[in-house]
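This report covers a predicted model.

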Amino acid sequence: MDIDLLSNILYAMVRTGTPLLLVALGELVCEKSGVLNLGQEGMLLMGAVVGFIAALMSGSLLLGFLLAIAAGMIMSLLFGFIALGLNANQVATGLALTIFGTGLSAFIGAGFVGKPIDGLEPIALPLLSDIPLLGKMLFSQDLVVYLSFFLFAAVYWFFRSSRPGLVVKAVGENPHAANAIGLPVMRTRYLAVMFGGAMAGLAGGYLSIAYTPLWAENMSAGRGWIALALVVFASWKVERVLLGAWLFGLASILHLVFQGLGFSISPNLLATLPYAATVVVLVLLSRNQIRARLLAPMSLGKPFHATS
Amino acid sequence: MIKLEPRGQHSKLMAWLSPVLAGVLTLISGAILFSLLGQDPLEALHTILILPVSDVYGVAELCVKAAPIMLCAIGLSVVFKAKVWNIGAEGQLLMGGLIGSACALALIDAEGVWVLPVVLLAGMAGGAAWAGLAAWLKTAFNANEILTTIMLNYIALNLLIWSVHGPLKDPDGFNFPESAMFSDSALLPTLIDGTRIHWGMVFALFAVVVIWVLMSRTFLGFQVKVLGLDASAARLAGFREKRLVWIALLISGGLAGLAGIGETAGPLGQLVPQISPGYGYAAIIVAFLGRLHPLGILLATLLMALIYMGGEMAQITLGLPVALTGLFQGMLLFYLLACDVLINFRIRIPALAKPEAAVATIKEEAAR
């Protein structure tokens, strides 16, 4: 395998892994606060359709991304209102958000299927992008990929050495104790859910404005669900989210790799790889039941109703 | 401000009122949506909800759509009772359609009354096997069934697309991604001439009765319910948890598989990439809406089938996207979850509850 091919594969791996990374980072923060939001797929699709339409109508990609983020946040507030405000079952509410988001995005976007836009162009950083192998992978990407690097570093720092990060973890581990010492449990959870919504919205916008760039019904193709599995894969550790997102990015582009190497396997069969990989990863990480339970935030998925 | 106050015990009345309330709220939201889109709301609702079922053909079509949804939903009621979150009815339906169709195509030259039962059993086996995979992953490796069943849905869809492009493609089909038409011996007969209503609806109603008896009259059903209510109690009573998870998932997958082969051997008559417009996902909503009870599921299925027909009708007569169906489904589930809060909580408005505030309000009104 020559170095050009390898460098192109690495480039595509990061690009494909970016939406997964964004969604998984958002969901990680959300789960750390004890909230399980299975609505990622719905928020992704709403971000994608709103971002695409905004970018197409206004001609401004920035406006497209901003409205994609806003769409994700509004969707997450809907989840927050029902799951946190009304104490509903988080699993069912998350599923509802996905079904609703899938339906609404298809409804809004029906007239925009297949319309072309000029997507976000990559920007090669001078000098850095000339580094062999890693230059193209890390320094010839578009702005959102660079933003994902920054957001990864920010979330890493947030949990490692910031006080609000500690508050989020405390709320997720034991909301009653956190409430007793005066931490705002509900506000923290709402903010964490909204951060998750913003990240999923951004990831959706990335799919329809930069990655593809066009709108098609159900275009996220399960990425929201894979990102949810990624958080389990990462054992709720930020650095492993990055690793996992890029590995899954690689699994999604394997058909290109195989083509490059001269194999011919049906693209439909290869398309099952990321999903099969997700199942395998879940199996490997959940096998030890006690370990799996220790790693997850203690109150994950459990509603909190302050008694006082 | 509005406050939620715990009721102390479940309200049986609210549990059954909540789906009705959710339906009404969805209708109101739909009316608002239509008027925003510049349609006459009442006329639009009439077009999508009454017009489709105003003749015999329409009612027959309703049953055609209801059969697969009912089969999936009644199966889901069993797993959901056990608190096993099988989100994979869609994939199990697709695998049932795929395996059953493969069998029908292998028997394309065969004739006789035995062909159809073999094809149907193959479909059920395909769906059950796909659910069994999730059961194995859950019981042997403790893998979260929500995520595995979702992943299996996507894998099943890709396998279906692969097979109609490859091994099961009609050799004389001008390269279209679809199989050859099944032979007559492998087709489900229609019930009424001139309509598409077929034996699938009979199977669905039969399944509803069987599951009703199973869950309310047998020890197995009792065990499944106990497992869902309190897993540690089930373990203490000596129930074999893993075995129950397996059985529940196999039943649910088998029925979804029957729904799938019922589509390809029924109204479709061949294997195509679009077997299901999301029936397996709609069945999740139906199961919740019907309170996991056979009667409730029967009614909720009819409503869901009507929403599917309404979406098609809206596209034909109002020029709206067919995705209207998905939008209504999502709204229905959201409203249901919000209304379900009333089962365990009652709404209190503290400002009204305080006597002095109430007196103040009365005085204010009197002063006017």
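## A buried leucine

Leu45(A) counts as buried because it has 34 C-beta neighbours inside 10 Å (a residue is buried if 20 or more other C-beta atoms lie within 10 Å of its own, exposed if 12 or fewer, and partly exposed in between, with C-beta atoms placed from the backbone). The residue lies in helix H2 (residues 40-58) of chain A; helices (H or I, at least four residues) and strands (E, at least two) are DSSP runs, numbered from the N terminus.

Apart from neighbours within four places in sequence, Leu45(A) is in contact with Gly101(A), Thr102(A), Ser105(A), Gly204(A) and Ser220(A), where contact means that C-beta atoms, placed from the backbone, lie within 7 Å. Leu10(A) is 35 residues from Leu45(A) along the chain, and their C-alpha atoms are separated by 26 Å.

## Basis of the model

Residues are numbered from 1 along each chain as its sequence is written, and chains are lettered from A and ligands numbered from 1 in the order in which they are written. As this is a predicted model, local features need pLDDT of at least 70 and side-chain atom pairs count only at pLDDT 80 or more, while totals for chains, interfaces and linings use all residues.

The model has ipTM 0.88 and pTM 0.89. In chain B the average pLDDT (the predictor's confidence in each residue, from 0 to 100) is 89, and 95% of the residues score at least 70.

## Nonpolar core

The largest nonpolar core has 226 residues, of which Leu230(A), Leu71(B) and Cys72(B) touch the most other members. Such a core is a set of buried Ala, Val, Leu, Ile, Met, Phe, Trp, Tyr and Cys residues joined through C-beta atoms within 7 Å. Helix H9 (residues 185-211) of chain A gives the most to this core, with 15 residues.

Outside four places in sequence, the contacts of Leu71(B) include Phe203(B), Ala207(B), Leu255(B) and Leu258(B).

## Chain B

Chain B contains 15 helices and two strands. Of its 368 residues, 50% are buried. Its C-alpha atoms fill a box of roughly 90 × 60 × 35 Å along the principal axes.

Definitions and conventions. Contact = placed C-beta atoms within 7 Å.
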